[in-house]
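Biologist: I am new to this structure. Please show me how to read its features, one at a time.

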Amino acid sequence: MATIKIPPVLRASVGGEKQVSASGENVGDVLRDLAANHPATQEQLFAADGELNRYVNVYLNDEDVRVLGGLDTAVGDTDTLVILPAMAGGA
Amino acid sequence: MSPSGAELLKQVKSQIDEIDPSKVRELIGEGVAIIDVRETEEFAAGHLPGAKHVPRSYLETRIEGVVADRDAQIVLYCQSGNRSAWAARTLEDDLGYTHVASMTGGITLWKDRGYEVVVPRGLDAQQRERYSRHLLIPEIGVEGQQKLLDAKVLLLGAGGLGSPTALYLAAAGVGTLGIVDDDEVDLSNLQRQVIHSTDRVGVPKVDSAEESIHALNPDVNVVKYPVRIDASNIMEIISGYDVIVDGVDNFPTRYLLNDATVRLKIPVVSASILGFDGQLSVFKPYEGPCYRCLFREPPPAELAPSCGANGVLGVLPGTMGLLQATEVVKLILGIGEPAIGRLLLYDALGATLTEVKVHRDPDCPICSREPDEIADEEMGVFPDYEAFCAAAG
């Protein structure tokens, strides 16, 4: 099971957790497993065509999956996925 | 019988390498460390080009900060060649440096030969005292402090992030601080916006910030912009600044700022905060990714909580704002490794700092093109911009 770090704006969708575990062979499978267990994350992560929404970045450990193999990037049990939507608070 | 001072000096000089000023002149700019071991006032009156200042009285404690490599080639000089001879012996015998020479005749002979002397623009006595802890750091010194005094930094927002950033940049002696904010101080700001105060509730934030900055450091020139930044004024406002500190609270302005700063090639130190979490990165146009490389488009309004009133831990903007101030100082001084191409994620509750890589996007709609190819109408625009702003209210 890989670890997924959940950003503040998505925590309500996963019962308030900061990180959760999900299983899968690659990034797409792991995130789809997350969405299966926490349906509220589905629309926030994925566009209608099944690709990641352009405003969400996903990192495998510290690397952007878009420069790796995208959703097909292989994920091991000890890996951490970081989900990161943009934030703009400053005041 | 103990030797006299003159005899001892002669003895020391026979044990060390001495080098003629003409040879030293050839070594300037060749990677050799030239160290002036005289007192501060003597150094300020004029020194060799490129010389670093390590007073002989602090030699043992400070030399490693200037020259860490024991095998580096070092030339020491003083006024006439005596103090530097003692210093050379100390470096070799006590500290293990292997390639040290003392310049014969010191700066007096150097000047007699008509060689170039650099007179640093001086700090006055008060500035010397005020910035003394900077002057003690070899990476800053008088030269670095002068860079800070000459620097122009623009703060977008005198709010949560802008407050601590402005105060510390002012304290550090950044000479010009521009502040853009069209808001007035509200009681609910004071849980975190430490540049303002209870008796200034209702006062324009730019005026309140100016008062605090001047109380802390009258050296700082404050330029006030009590306006909301938009496409019509951004180019005029930000032109001429060396670094911009982004602490704005909405996406449209962040994209607008990104596009304008890419066009003008001005680095932006960007941070954002929400709840107990903060993000920080440095966007240096064409050297690293820009904000659009990181986030091609903003999230829909329901996932962009910055648009509404949201909670934030009062000390969090302090933490993130001071990380920003640190990056600003590094950029001005040209030291260290700014967070270019890296996004730092701070989790205050977990007390963790995580880092992810940010790459330049070869298809970036803005920074994959030359500055003069970016048109006014494109700035700050992203897909569904109007729907975004309508939903955000």
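Predicted model: local features only at pLDDT ≥ 70, side-chain atom pairs only at ≥ 80, totals over all residues.

Biologist: How many helices and strands does chain B have?

Modeller: Helices (H or I, at least four residues) and strands (E, at least two) are DSSP runs, numbered from the N terminus. Chain B has 16 helices and 13 strands. Its C-alpha trace spans about 90 × 50 × 45 Å along the principal axes.

Biologist: What share of chain B is buried?

Modeller: A residue is buried if 20 or more other C-beta atoms lie within 10 Å of its own, exposed if 12 or fewer, and partly exposed in between; C-beta atoms are placed from the backbone. Of the 393 residues in chain B, 44% are buried. Take C367(B), in the loop between β13 and α16 (385-392) of chain B. C367(B) is buried because 25 other C-beta atoms lie within 10 Å.

Biologist: Which residues is C367(B) in contact with, beyond its neighbours within four places in sequence?

Modeller: Two residues are in contact if their C-beta atoms, placed from the backbone, lie within 7 Å. For C367(B) the partners are V262(B), P285(B), Y286(B), C290(B), R292(B), C293(B) and R360(B).

Biologist: How do I read two packed helices?

Modeller: Use the angle between their axes and the distance between the axes. Axes are lines fitted to C-alpha atoms, for helices over the stretch in contact, and angles run from 0 to 180 degrees between N-to-C directions. Angles under 35 degrees count as roughly parallel, over 145 as roughly antiparallel, 65 to 115 as roughly perpendicular and the rest as oblique. Here, the axes of α10 (residues 162-172) and α11 (residues 205-216) of chain B come within 9 Å and cross at roughly 30°. So α10(B) is roughly parallel to α11(B). A166(B), L167(B), A170(B) and A171(B) in α10(B) meet A209(B), S212(B), I213(B) and L216(B) in α11(B).

Biologist: At what angle do α10(B) and α15(B) pack?

Modeller: About 40°, with the axes of α10(B) and α15(B) 7 Å apart. The two helices, α10(B) and α15(B), are therefore oblique to each other.

Biologist: Which residues touch the most other members of the largest nonpolar core?

Modeller: A nonpolar core is a set of buried Ala, Val, Leu, Ile, Met, Phe, Trp, Tyr and Cys residues joined through C-beta atoms within 7 Å. The largest has 93 residues, and L81(A), V153(B), A166(B), L177(B) and V328(B) touch the most other members. Helix α15 (residues 316-333) of chain B gives the most to this core, eight residues. A second, separate core has 28 residues, including W110(B).

Biologist: How many residues does each chain bring to the contact between chain A and chain B?

Modeller: Chain B brings 32 residues and chain A brings 18 residues. On the side of chain B that touches chain A, α13 (251-264), β10 (268-274), β11 (277-283) and β13 (352-357) each supply at least two residues. The most come from β13(B), with four residues.

Conventions:
Residues numbered from 1 in each chain as written. Chains lettered and ligands numbered in written order.
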